[in-house]
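Below are my notes on the model, as numbered points. Please read them beside the sequence and the structure.

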Amino acid sequence: MSAAYSIGDLARATGVKPTTIRWYEQEGWLPPAARTAGGHRAYGPAHLRRLGFIRHARELGFESEAIRALLDLADHPEADCGDAHRLATDQIREIDARMRRLAALRAELARMAEECAGGTIGHCRIIETLADFDHGHCADPGHGRD
């Protein structure tokens, strides 16, 4: 191992909490770290790269199952990239669906805010609308079910 990182060093370098790093190691997402003579974990550059890969996949919204599959694919550079493409296009569809739900939520909030004329809470259209949670008049009635 050319460079040794403590778990704290690795956490600072990647922005991933030590407890999460240990969990990734437990789950097999990271290979086990070497141990120092004192029994402390000692991570190398490969751990740093793999943890960066995991973090980037998380930032892109991939779920755990997809990340596990992507890590497995990354471990087999000679394999066809069709599965990686499928995982990415599935994630794009999920993001698109999430964006549609968010747009519907935004439209509902904008409608509520526009109807608020100020005054007292007893006559507040926002509070009234929030209290009417089974109303059926949202732009997307399914917005509260996700």
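1. Is Ala88 buried, partly exposed or exposed? Ala88 is partly exposed, because its relative accessible area is 30%; buried means under 20%, exposed over 50%, and partly exposed in between (1.4 Å probe, protein chains only). Ala88 lies in helix α5, residues 82-115; helices are DSSP runs of H or I with at least four residues, numbered from the N terminus. Its C-alpha atom is separated by 22 Å from that of Leu30, 58 residues apart along the chain.

2. This is a predicted model, in which local features need pLDDT of at least 70, side-chain atom pairs count only at pLDDT 80 or more, and totals for chains, interfaces and linings use all residues. Residues are numbered from 1 along each chain as its sequence is written, and side-chain values use heavy atoms, with hydrogens and water left out.

3. His47, in helix α3 (residues 45-59), is buried, with a relative accessible area of 8%. Beyond its neighbours within four places in sequence, His47 is in contact (heavy atoms within 4.5 Å) with Leu10, Leu30, Pro31, Pro32 and Ala33.

4. The largest nonpolar core has 19 residues, and Ile21, Tyr24, Leu51, Ile54, Phe62 and Ile67 touch the most other members. Such a core is a set of buried Ala, Val, Leu, Ile, Met, Phe, Trp, Tyr and Cys residues joined through side-chain atoms within 4.5 Å. Two or more residues come from each of α1 (7-14), α2 (18-26), α3 and α4 (64-74); α4 gives the most, with four residues.

5. Leaving aside neighbours within four places in sequence, Ile54 is in contact with Tyr24, Trp29, Leu30, Ile67 and Leu71.

6. Leu130 belongs to helix α6 (residues 125-131) and is exposed, at a relative accessible area of 53%.
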